[in-house]
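The following exercises concern the boundary between two parts of one protein chain.

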Amino acid sequence: MTDISNDIVQQLDRQHVFHSWSTQGSLSPMVIAGGKGCRLWDYAGKEYLDFSSQLVNTNIGHQHSKVIAAIQAQAEQLTTVAPAHANLARGEAAKRILARAPAGFGKVFFTNAGADANENAMRMARAVTGRDKILSAYRSYHGNTGAAIVATGDPRRVPNEFARGHAHFFNPFLYRSDFWAGNEEEECQRALQHLKRVIECEGPSAIAAILLESIPGTAGVLIPPKGYMEGVRKLADQHGILVIFDEVMAGFGRSGKWFALEHFAAKPDLIVFAKGVNSGYVPAGGVIISDEICRHFDDHMFFGGLTYSGHPLAMASIVATLDAMSEEGVVENADRVGNGPLAAGLQQLAQQHAVVGETRGLGVFHALELVSDRATRAPLPAAEMGKIKSALIAKGLLPFVVENRIHVVPPCIVSEAEVAEGLAILDTVLGEASARLA
Ligand SMILES: Cc1ncc(COP(=O)(O)O)c(C=O)c1O
């Protein structure tokens, strides 16, 4: 093993691996050899503080010993089993997920990841209502499968629009308001009025569900204004439309609560999860189903299934992850450290550095919106974002960069000392970027 180098791993990758969302010819992927907690390292021994949680999924950190032991134990006992059979790990995983869900949710349907979980939630909504259309937000990401990518609002949808029955609406985002709003209340009311009009124009009786992220993540960590989610629920109820909350990124501790929906009074009919449920140690996702929808399927066929629905290795990792998160106070840590020193530190960076237009977030789910001009809010150009990303990585901080934003999304276990270390690197690099602007 000692003769493995970063170069060998990178060459192997470039010769044989086809990457997601990329022009293949220009890629130079970073090599990761191992990790523990909030840290990763390469074969040359260079360490990185992971402020990306990879794709915002390693909520419990890298290589948690109890989760690894549970996967190993399950592998010894039974590595795979058909979804039609009853399996202990699957039942235990579903029970634990339901224990964290709001009251009134009865069962869990397991999938391989977040996209196919959204796919199946939309299918359930269509089956229950007998309606076709799904409304979802332009500022959203719901995954890269047939209907999930078409439900997605961001531009990755456009080359992939092969599913039918989807319409979109603008969701609230005051900093870049699509409604000319001057404050959160105006943004909320105007966004709801816009949604009301979209529902009317799309035909309320044709709409099966409104699908929305509890906190849109990839779109920029957009905390919905007070009253928005409740307003969406009310509009849906007026027309017999179901509500699906996508908690794939926001769920399982990320926002400082088990589910981000706990920040609102509105309850959905279906909750979609993946990522943080087992920190991605084994691919897994699913749909948490309300009692009412469960009852519908008591005597109606569900036309859906997957060979690996409730795969035992994934299920064992969910059981161990959720138990460890409870025992170790991981969600409480995300709340305390995320809403405490992390949020305060980011506010300070926003005050100190001209390149920061806004910081927003909850728990360990934050975004720094970078601008070339605070007055016009012009997004920082891609070339400048590239320089910032390279400088952060060179200084040992692995960031999650999307468009003109740095998403600050460390694992939920991040310590105060690690937050201080990450903020110090951000401070230096944002200071250099602000100086280049001047
Ligand atoms: C909110 C949301 N939904 C769905 C997905 C898709 O999940 P997956 O990539 O596991 O299919 C993602 C992935 O980033 C997401 O952030």
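A polar contact is a pair of N or O atoms within 3.5 Å; within protein, one of them must be able to donate a hydrogen and the other to accept it. The model under study is predicted.

**Exercise 1.** Describe the extent of the interface: how many residues are in contact, and how much area is buried?

*Solution.* First, count the residues: 39 of domain 1 are in contact with 36 of domain 2. Second, consider the area: the two domains bury about 2900 Å² between them, with 57% of it on carbon and sulfur atoms. Third, identify the residues of domain 1 that lose the most area to domain 2: Ile60, Val331 and Phe365, which together provide 24% of what that side buries.

**Exercise 2.** Which polar contacts and salt bridges link domain 1 and domain 2?

*Solution.* Start with the polar contacts, of which the rule finds 22 residue pairs across the interface, both residues being at pLDDT 80 or more. Then turn to salt bridges, where the count between the domains is 1. Glu369 forms a salt bridge with Arg176, and their closest N and O atoms are 2.8 Å apart. Finally, classify the side of domain 1 that touches domain 2: 17 residues are nonpolar, 15 polar and 7 charged.

Note on methods. Residues are numbered from 1 along each chain as its sequence is written. This is a predicted model: local features need pLDDT of at least 70, side-chain atom pairs count only at pLDDT 80 or more; totals for chains, interfaces and linings use all residues. Side-chain values use heavy atoms; hydrogens and water are left out. Contact means heavy atoms within 4.5 Å. Buried area is the accessible area (1.4 Å probe) that two parts lose on being put together, summed over both. A salt bridge is a side-chain nitrogen of Lys or Arg within 4 Å of a carboxyl oxygen of Asp or Glu. A polar contact is a pair of N or O atoms within 3.5 Å; within protein, one must be able to donate a hydrogen and the other to accept it, and residues adjacent in sequence count only if both atoms are side-chain atoms. Ala, Val, Leu, Ile, Met, Phe, Trp, Tyr, Cys and Pro count as nonpolar, Asp, Glu, Lys and Arg as charged, and the others, Gly among them, as polar.
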